[in-house]
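Here is a walk through one protein chain. Keep the sequence and the 3D view side by side as you read.

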Amino acid sequence: MKILIVEDDPDIREALGEALQHAHHQPELAASAQEAWGLLELYPFDAIICDVGLPEGERAGFELVRELRHRGILTPVLYLTGLDSLEDTVKGLDAGGDDYILKPFRVPEILARLRAHLRRARPASMVDLEQDGLTIEWKHQKVCKDGKEVRLTHKEYQLLELLASNQGRIYSRDELLDRIWDGEFQSSTNLVDVYVSMLRKKIGEEFIENVRGRGYRFPDGASGI
């Protein structure tokens, strides 16, 4: 997996890079938000480890992630920071971060959290998908139907991405709650059914099949583009 490390402390940056290499990842290192944007324009990344305090400002990491999400880039982001207040944690997560790790940290913990987020994310190198007028560009998180872009919410896209990247696999409602909503809701909720209904209205009912008594799946047959 290709991982972007954004960290202005050279010792931490190099140590994380070496640890990721030993874990068979491909790290790219940036010392500032500006350097990070340069790398983001060159490569699709599978995850980002981002310091909060960067040369551009004490909380420049939050702004970097906020802009990523504004551009529709949903790559998992793990913050590294010495800011331990509840207010900063909330700000970071609200900006679009996925995890918040306090300094000093232990490398094994970072690697474990990274593995957890990568399990829930799609590889950036996945081949784009096309089926019966529906196209999905994974890198840009762009969905089109009959040539027209379809606007999806963050959760709608996550749901479609999970199903479409695992064609033919049936996901139960409990599995979808766990993968998309991190198990925050009880299995008795109809949240999954509501989101499936909204997604079907936008892309077409034929792309999400209801397998009675078992769950939902994206039908086989899509080709790469």
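The text below goes from an annotated aspartate to a strand pair and then to salt bridges.

This is a predicted model, in which local features need pLDDT of at least 70, side-chain atom pairs count only at pLDDT 80 or more, and totals for chains, interfaces and linings use all residues. Residues are numbered from 1 along each chain as its sequence is written, and side-chain values use heavy atoms, with hydrogens and water left out.

The UniProt record, an unreviewed entry, annotates Asp51 as "modified residue: 4-aspartylphosphate". UniProt positions follow the numbering used here, feature names are shortened, and annotations may be inferred rather than shown by experiment. Aspartate 51 sits in strand β3 (residues 47-51). Helices (H or I, at least four residues) and strands (E, at least two) are DSSP runs, numbered from the N terminus.

Is aspartate 51 buried or exposed? Its relative accessibility is 4%, so aspartate 51 counts as buried. The cut-offs are under 20% relative accessible area for buried, over 50% for exposed, and partly exposed in between (1.4 Å probe, protein chains only).

Leaving aside residues up to four places away in sequence, aspartate 51 touches Val6, Glu7, Asp8, Gly61, Leu80, Thr81 and Lys103. Contact means heavy atoms within 4.5 Å. Glu7, Asp51 and Lys103 are also linked in a network of salt bridges. A salt bridge here is a side-chain nitrogen of Lys or Arg within 4 Å of a carboxyl oxygen of Asp or Glu.

Now turn to the strands. β4 (residues 77-81) pairs with β5 (residues 99-102) in the parallel sense, over four bridges. Two strands pair if DSSP finds at least two bridges between them. Leucine 80 has isoleucine 101 in β5 as its bridge partner. Together with helix α4 (residues 86-94), β4 and β5 make a right-handed β-α-β unit. Right-handed means that, with the strands pointing away from the viewer, the path from the first strand over the helix to the second runs clockwise.

The structure holds 16 salt bridges. One of them joins arginine 69 and aspartate 98 (3.0 Å, N to O). Arginine 69 lies in helix α3 (residues 60-70) and aspartate 98 in the loop between α4 and β5, so the pair ties together parts 29 residues apart in sequence.

Aspartate 99 and arginine 113 form another salt bridge (2.8 Å, N to O). This pair links β5 to helix α5 (residues 107-120), 14 residues apart. Aspartate 99 is buried at 15% relative accessibility, while arginine 113 is partly exposed at 27%.
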